[in-house]
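Hi,

Here is the structure I promised to pass on to you.

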Amino acid sequence: MHLPIFQKKGVEVVKLDVSNVLAEEIGDNGLIFDEVERTAKRALSLVSEKKFEELDFLNLPKQDLKTLKKISEKARQFEYFIILGIGGSALGPKVILESLSPFHNLIKKPKVFICDNVDPTTLKHLIEFIDLKKTLINVISKSGSTIETLVSFLIFWRMIKERRLPVENHFVFTTDPEKGNLRRIAKEFNIPTLEIPKNVVGRYSVLSPVGLLLAETIGIKSEALLEGAKVTIKQALKENIRENPMAVLASCLYLMDILKKRKIVVFIPYSDRLKTLSEWFSQLWSESLGKDGKGTTPYPSIGTIDQHSQLQMWIEGPEDKIVVFLSVDMHGFQEEIPKEFHNIEGLSFLGGHTLEELINTEQLATEMALWMNKKPNMKIMIPKIDPFTIGQIFQFLQTTTIMAGMLYGVNPFNQPGVELGKRLTYGAMGKRGFESEGEEVKNYLKKKKTLI
Ligand code: PA5
């Protein structure tokens with residue numbers, strides 16, 4: 001049985017196919033639809049019960065875009081646009097850049113660089129490549145205290161000052177409306193600043209100025225991204241779960257963990273343009289759900305490449321995975337595969353097909369191979385990659401994650417587990433107030449190691 005396709009008439013919305021997680025398709029490895037439905041309904045009612053203030057990100061489609069548009073006009077005049085940020089303050093912009101403007105730096109201006117690591121070599125090469133006079137630097141940090149972002153900022157700040165360039169012309173901050181180091185510096189040095197709304201947290205902030213300034217700077221209309229999100233938010237509120245793919249996806253992933261011990265979620269879009277979406281989703285899922293010993297581990301993949309590196313494990317390895325495909329109906333390139341070498345069957349059968357046909361057929365064949373081996377898999381389907389669908393898919397995955405968080409009974413908006421590592425780094429780097437963590441690091445280094 002195939003469930004009715006989840007579709008809103010008149011608008012091309014994201015759809016979900018859950019056939020291949022159901023017991024009637026894959027036997028004992030599968031779920032009973034009634035249970036999926038019950039759990040999806042529970043997820044929905046829990047979301048409306050728990051009044052998390054962080055759900056304010058659902059209001060982002062209504063934001064005022066005036067200041068953002070003005071700053072982006074200025075940004076477009078530069079040759080280079082650099083983003084300094086990490087985690088939720090970098091991965092969303094990366095998805096926007098790579099999905100909506102592939103090969104951007106080879107074709108368009110300003111050239112965009114998103115620096116999320118503090119790898120000294122990366123920074124060195126970037127600094128050698130750009131011309132600071134023609135560079136706008138967008139520092140993105142909600143807290144204004146993230147060490148990696150601040151360090152890269154300090155390096156660029158000093159360089160801008162050494163060249164006697166006006167800092168207010170070369171920096172834009174995207175940060176908390178009131179608090180934090182960046183807000184303080186912005187006030188003192190008159191740096192143009194965009195606000196991340198108070199209750200919007202990092203990994204749910206892509207549709208705030210975090211992602212939208214870059215979008216506008218590279219010529220993508222924020223309105224289209226936000227319209228996609230708006231349509232999806234409406235869908236997420238549907239009580240009829242056959243019209244609510246997010247509640248169903250959350251329910252299936254949760255039940256696959258709890259009932260079937262499927263602890264690894266392989267997320268595999270079939271498009272190079274969505275490679276960073278895999279990374280973005282992995283951060284969203286991990287940081288939101290990995291709490292109190294609960295949650296599942298996301299495995300970011302990309303089709304068709306991971307068919308050649310991972311599929312063997314998915315088909316014949318341990319029974320601990322569920323595969324979530326993301327298929328793209330139209331890739332927008334209809335070039336025919338040439339009909340050459342008529343006398344060599346190994347090549348001639350390909351002639352006349354298209355690359356689009358091939359990538360989509362490979363997705364289908366992989367899905368079928370899993371199904372024939374009774375391995376659970378699901379498919380998120382999008383018609384094409386454009387700002388409207390990317391807005392939808394961001395919202396779709398964010399909402400699914402929150403619903404899963406409700407089912408696990410965890411707070412999907414905090415990340416207490418990453419705090420200790422941050423404190424130890426502060427201590428080791430000599431930040432006031434973190435002296436005891438600094439001592440802990442010293443003692444750790446003195447400990448006897450078993451080196452082989
Ligand atoms: O999702 C989150 O909250 C985190 O991943 C943050 O985005 C990340 O730690 C960066 O934080 P900030 O924007 O405060 O620099």
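**Around the ligand**

This is a predicted model. The ligand has 14 residues around it, and those that come nearest are G87, G88, S143, T146 and G202. Sorted by class, this shell is made up of nine polar, three charged and two nonpolar residues.

**Two domains**

The protein chain splits into domain 1 (5-50 + 225-408) and domain 2 (64-196). Taken over C-alpha atoms, the centres of domain 1 and domain 2 are 33 Å apart. Eleven residues from domain 1 and ten residues from domain 2 form the contact. On the side of domain 1 that touches domain 2, α13 (275-289) and α18 are the elements that give two or more residues. The largest share of that side comes from α13, with six residues. By class, the residues on this side of domain 1 are six nonpolar, three charged and two polar.

From α12, the contact uses M246, A247, L249, A250, L253 and Y254, while α18 brings F396, T399, T400, M403, A404, L407 and Y408. Which classes make up the contact of α12 with α18? There are eleven nonpolar and two polar residues, with no charged ones.

Best wishes

Conventions: Residues are numbered from 1 along each chain as its sequence is written. This is a predicted model: local features need pLDDT of at least 70, side-chain atom pairs count only at pLDDT 80 or more; totals for chains, interfaces and linings use all residues. A residue is near a molecule or strand if its C-beta atom, placed from the backbone, lies within 6 Å of it. Ala, Val, Leu, Ile, Met, Phe, Trp, Tyr, Cys and Pro count as nonpolar, Asp, Glu, Lys and Arg as charged, and the others, Gly among them, as polar. Two residues are in contact if their C-beta atoms, placed from the backbone, lie within 7 Å. Helices (H or I, at least four residues) and strands (E, at least two) are DSSP runs, numbered from the N terminus. Domain bounds come from an automatic or database domain assignment.
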